[in-house]
Amino acid sequence: MAVSAVAQLGISVALACRTFQVSETCYRYSPILSDENGEIADWLKRLTGDKRTWGFGLCFLYLRKVQGYFWNHKRVYRIYCELELNLRIKPKKRLKRDKPEPLAVPDRPNETWSMDFMADQLSDGRSIRTLNVLDDFNREGLCIEVDFSLPAERVVRSLNRIIEWRGKPETIRIDNGPEYVSGKLMEWAEKQGVLLAYI
């Protein structure tokens, strides 16, 4: 406002500064842009280009601890924001997974069973689990066991009940849940001559 008053009304700088309560030093100050600002900007562009997961903190620590520059963190952050590096979107981590093998379709019943758990919640907040066993040949549901807890012993007991009326499968397809990788289930499968196929 003091600058506008001096330019438009032609009053003295001293009078304008007294009127708007601004010191003359502040009025006459003009920032001197250092060549270091360009160097800081180059470093920040280079670091964020090479290290795409680095934010301001890691970039500043690298400049201070590794490169030995003693630039003020406020100054570096101001340049960081002017370059709009603070608006970068953090890239998502992509998990490299092997291409899954297509599931083989059995030619007859009792060749391959699939077994897995599902979970649900009652109206009072208690969680329940269901053990589901299917025949892969015709998608027939062989068993749905429901309880609050289904340890490996219950899984073995349910499988024995199915085998009594259905017969024994050649393979049971399962995931890597704790109930399925337990020693008790592996011992049961070895005794029964059933192959456990983990997916």
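**Questions on the predicted model**

Q: Is E140 buried, partly exposed or exposed?
A: The relative accessible area of E140 is 29%. Buried means under 20% relative accessible area, exposed over 50% and partly exposed in between, with a 1.4 Å probe and protein chains only. This is a predicted model, in which local features need pLDDT of at least 70, side-chain atom pairs count only at pLDDT 80 or more, and totals for chains, interfaces and linings use all residues. E140 is therefore partly exposed.

Q: Which pattern does the chain follow along the sequence?
A: Helices (H or I, at least four residues) and strands (E, at least two) are DSSP runs, numbered from the N terminus. The chain has eight helices and five strands. Residues are numbered from 1 along each chain as its sequence is written, and side-chain values use heavy atoms, with hydrogens and water left out. The order of elements is α-α-α-α-α-α-β-β-β-α-β-α-β.

Q: How far apart are the end C-alpha atoms of helix α7?
A: Helix α7 has 15 residues, 152-166. The expected span is 1.5 Å times one less than the number of residues. That gives 21 Å for α7, and the model agrees, with its end C-alpha atoms apart by 21 Å.

Q: Which elements are included in what covers the buried residues of α7?
A: The buried residues of α7 are A152, R154, V155, V156, S158, L159, I162, I163 and R166. An α-helix has 3.6 residues a turn, so residues three or four places apart point the same way. The cover over the buried residues of α7 includes β1 (112-121), β2 (127-135), β3 (140-147), β4 (171-174) and α8 (183-192).

Q: Which residue follows α7?
A: The residue after α7 has a positive phi, near 105°. That residue is G167.

Q: Is D135 buried or exposed?
A: The relative accessibility of D135 is 0%. At that value, D135 counts as buried.

Q: How many residues apart in sequence are the parts tied together by R166 and E140?
A: The side chains of R166 and E140 also meet in a salt bridge, at 2.7 Å from N to O. R166 lies in helix α7 and E140 in strand β3, so the parts that this pair ties together are apart in sequence by 26 residues.

Q: Which residues share one salt-bridge network with R161?
A: R161 forms a salt bridge with E145, the closest N and O atoms being 2.8 Å apart. R161 lies in helix α7 and E145 in strand β3, so the pair ties together parts 16 residues apart in sequence. R161 counts as partly exposed at 40% relative accessibility, whereas E145 counts as buried at 13%. Through salt bridges with shared partners, R161 is joined into one network with E145, D147 and R154.

Q: Are the rings of F56 and F60 stacked or edge-to-face?
A: Rings of Phe, Tyr and Trp (its six-membered ring) pair if their centres lie within 6.5 Å; planes under 30 degrees apart count as stacked, over 60 as edge-to-face and the rest as tilted. F56 and F60 are both buried, and both lie in helix α5 (residues 56-66), four residues apart, about one turn of the helix. The structure holds eight aromatic pairs. In the pair of F56 and F60 the ring centres are 5.8 Å apart and the planes at 25°, so the pair is stacked.

Q: Which residue has its charged end over the ring of W43?
A: Ring pairs link W43, W54, Y62, Y69 and W71 into a cluster. A charge sits over a ring if NZ of Lys or CZ of Arg is within 6 Å of the ring centre and within 35 degrees of the ring normal. The charged end over the ring of W43, 4.4 Å from its centre, belongs to R46.

Q: With which residues is G141 in contact, leaving aside its neighbours within four places in sequence?
A: G141 is found in strand β3 and counts as exposed at 54% relative accessibility. Contact means heavy atoms within 4.5 Å. Beyond those sequence neighbours, the contacts of G141 are V133 and L134.

Definitions and conventions:
A salt bridge is a side-chain nitrogen of Lys or Arg within 4 Å of a carboxyl oxygen of Asp or Glu.
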